[in-house]
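This report describes the structure shown below, beginning with a pair of residues and ending with a whole chain.

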Number of protein chains: 2
Amino acid sequence: MALVVQKYGGSSLESADRIKRVAERIVATKKAGNQVVVVCSAMGDTTDELLDLAEQVNPVPPEREMDMLLTAGERISNALVAMAISAQGAEAWSFTGSQAGVVTTAVHGNARIIDVTPSRVTDALEQGYVALVAGFQGVSQDTKDITTLGRGGSDTTAVALAAALNADVCEIYSDVDGVYTADPRIVPNARKLDTVPYEEMLELAASGSKILHLRSVEYARRYGVPISVRSSYSDKPGTTVTGSIEEIPVEQALITGVAHDRSEAKITVTGVPDHAGAAARIFRTVADAEIDIDMVLQNISNTAGRTDITFTLSKANGPKAVSELEKIKTELDFSAVLYDDHVGKVSLVGAGMRSHPGVTASFCEALAKAGVNIEIINTSEIRISVLIRDAQLDDAVRAIHEAFELGGDEEAVVYAGSGR
Amino acid sequence: MALVVQKYGGSSLESADRIKRVAERIVATKKAGNQVVVVCSAMGDTTDELLDLAEQVNPVPPEREMDMLLTAGERISNALVAMAISAQGAEAWSFTGSQAGVVTTAVHGNARIIDVTPSRVTDALEQGYVALVAGFQGVSQDTKDITTLGRGGSDTTAVALAAALNADVCEIYSDVDGVYTADPRIVPNARKLDTVPYEEMLELAASGSKILHLRSVEYARRYGVPISVRSSYSDKPGTTVTGSIEEIPVEQALITGVAHDRSEAKITVTGVPDHAGAAARIFRTVADAEIDIDMVLQNISNTAGRTDITFTLSKANGPKAVSELEKIKTELDFSAVLYDDHVGKVSLVGAGMRSHPGVTASFCEALAKAGVNIEIINTSEIRISVLIRDAQLDDAVRAIHEAFELGGDEEAVVYAGSGR
């Protein structure tokens, strides 16, 4: 008997019919002799509807109350899935994050899991029940207030529960049926991967792949939880995220896939005096506004002792970063802040590049051949990323996928509504 | 500084605009120097929408999960009211029933409050916050599962919190502005009452008045909590439910009002053998199906040693009671079960009838003059109720209201949407 944690996303739960289909899968897993723990996101549009109501009563709602509001969504979907399971001949108990022992920091809207003490979940399993846990939510260790885990929170709940329960596998169901060598909507012959090591999945997630959220992969890696990425619309096996690249023999290490990201913007601060501390002052200003940056480029000083500093960040944070930097323009004596949101990032990920020199050269050659100009380049041990014009992003993904011969023999299946 | 508990019903919270108006009243009460605890029902149609979703996934949903589902409604309205309060310059914390210390029995769907330990509410008040508590819900003492209090649950939450916090008053806001001598939609010159003693309010609630739920009045009486019934659409003073009829000097005791009820049906079991235990067997059968009965009439035996037994019950329970009784027809050897849902009940309530003989006579004379035939009559020390044809109910209410000179000089104000 295996202990299986299953997580279902909002699009898999957007109607009563879809909830019934999810319940069928859960009951089948249970009847196959497994103990089953299920984590559900909020139904389809529930979160957006709640956000809309909040906006109407208060454009800047207090974060504590926002967490109280939004967590109702997962509570509703969990209870409905429990009812649907019951209609199909198994029994289920649903639990809030708090009841399931998901203990977090007190940072409303973006809490981190401190501990998971799922004794009530274990009790339910031992009594033969399916245990459902509301995703995305927990309870603050200090204040006992309801918290939410931020983006990708339900994936993180599922992985954290799987770790705490020592589950055999954590299955993440959504409308895509696995991890591909590239987005099948851009590259028709993209190939589904059977297995991806944690480190590569982390790089893919950080490079724009939306299959799994970075935090859940980090959590899975730390606790050695195997994640199975599957579609809730098919019975195909999906992709398993497990193991380390360290375990792969050097001669078998390969290039794994191409990721792309349209969510970033580029900021260039021009005419920065080239003295110690100027760059630090710029990055501290951005960091103090709680804004993460991604790629960085500093040009060589010109003859006047001035330089340009360029970095990328999420488009959502662009306007705020610009206004914060404008505030220190006089103090730092730079020329201007330039903002450009027509950029895209394409990345190649694979443990093989550690042992195969020339990957960077082949990567750049492929882009050159496709007429794509590189604006910033950034690498890790197992990843190369470049910033380019957004209009050329699809071409760049196809050129690199082709150059590294990542494609399969058949066309990838893309499900209707595969929008995430 | 007074401690005020305010309860707002679903129709007062059915849109973002109404939520903002409720928040204005709360903030005004707070700024007037009071400590304020607020209990909210779910927004307008939320409960019906959730029930509809539940019905779609499981026509007979497990009660534990139904409670988990429905309690999301109050969580949403409370968080939104907290946000609206914050937008208007005060600060509020919302709490679930569990967080507010509302401890109940484990009977899902109809739990009873065992204890209220509102230490987090007290903390919030002491720190200057408005404390919002989700109505209708609690946490089971034994299982730690989420429970609901059944019909009228939010009123009961408000009164129970007022008792536990030793509040100065519990204000119940809805779309009616007080307790009237009769339903103003039937009797245009019905008069709003300033004060109603607990015993009379209990009789009115049990006789079909929907202003306050019976349980909340019982709770208020037991703990001596004054209830103020008010409209969320006006600033008029409303009606205060407080004090005992024992405190009213006999010569001042009066007839208070007329209540009516269209929610009951009548069942007659005919040809019942007139031996000891036959009636008991009938009422036990109904009780075992968890059905409450109201009025009872047993005819005198006919010459064949057979009798008819008649009782009333909620229409909602009618079909179930009939089918349960049919099951014992052979065993008990009665003739038939007759079902009649075209009945109505009209009641006169007032402490004055204890000391004024002749009230029953005047009551029956008024009905006779209006051409209304009485089918069953039932009395308590301070109430007379009769069962009549439903088509004559409005006429009967008007005739009694007139006969006891309960009307005022002006027409009552009826608010739009005053449907409860």
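## Aromatic rings and overall form

Tyr8(A) and Tyr173(A) are both buried, meaning under 20% relative accessible area, where over 50% is exposed and in between is partly exposed (1.4 Å probe, protein chains only). The model is predicted: local features need pLDDT of at least 70 and side-chain atom pairs pLDDT 80 or more, while totals for chains, interfaces and linings use all residues. Residues are numbered from 1 along each chain as its sequence is written, chains are lettered from A and ligands numbered from 1 in the order written, and side-chain values use heavy atoms, without hydrogens and water.

Over all chains there are eight aromatic pairs. Rings of Phe, Tyr and Trp (its six-membered ring) pair if their centres lie within 6.5 Å; planes under 30 degrees apart are stacked, over 60 edge-to-face, and the rest tilted. The ring centres of Tyr8(A) and Tyr173(A) are 4.8 Å apart and the planes are at 15°, so this pair is stacked.

Two arginines lie over tyrosine faces. Such a charge (NZ of Lys or CZ of Arg) is within 6 Å of the ring centre and within 35 degrees of the ring normal.

| Charge | Ring | Distance from ring centre |
|---|---|---|
| Arg222(A) | Tyr219(A) | 5.3 Å |
| Arg222(B) | Tyr219(B) | 5.3 Å |

The C-alpha trace of chain A spans about 75 × 55 × 35 Å along its principal axes. Of its 420 residues, 57% count as buried. Among contacts (heavy atoms within 4.5 Å) in chain A between residues at least 6 apart in sequence, 76% join residues at least 24 apart.
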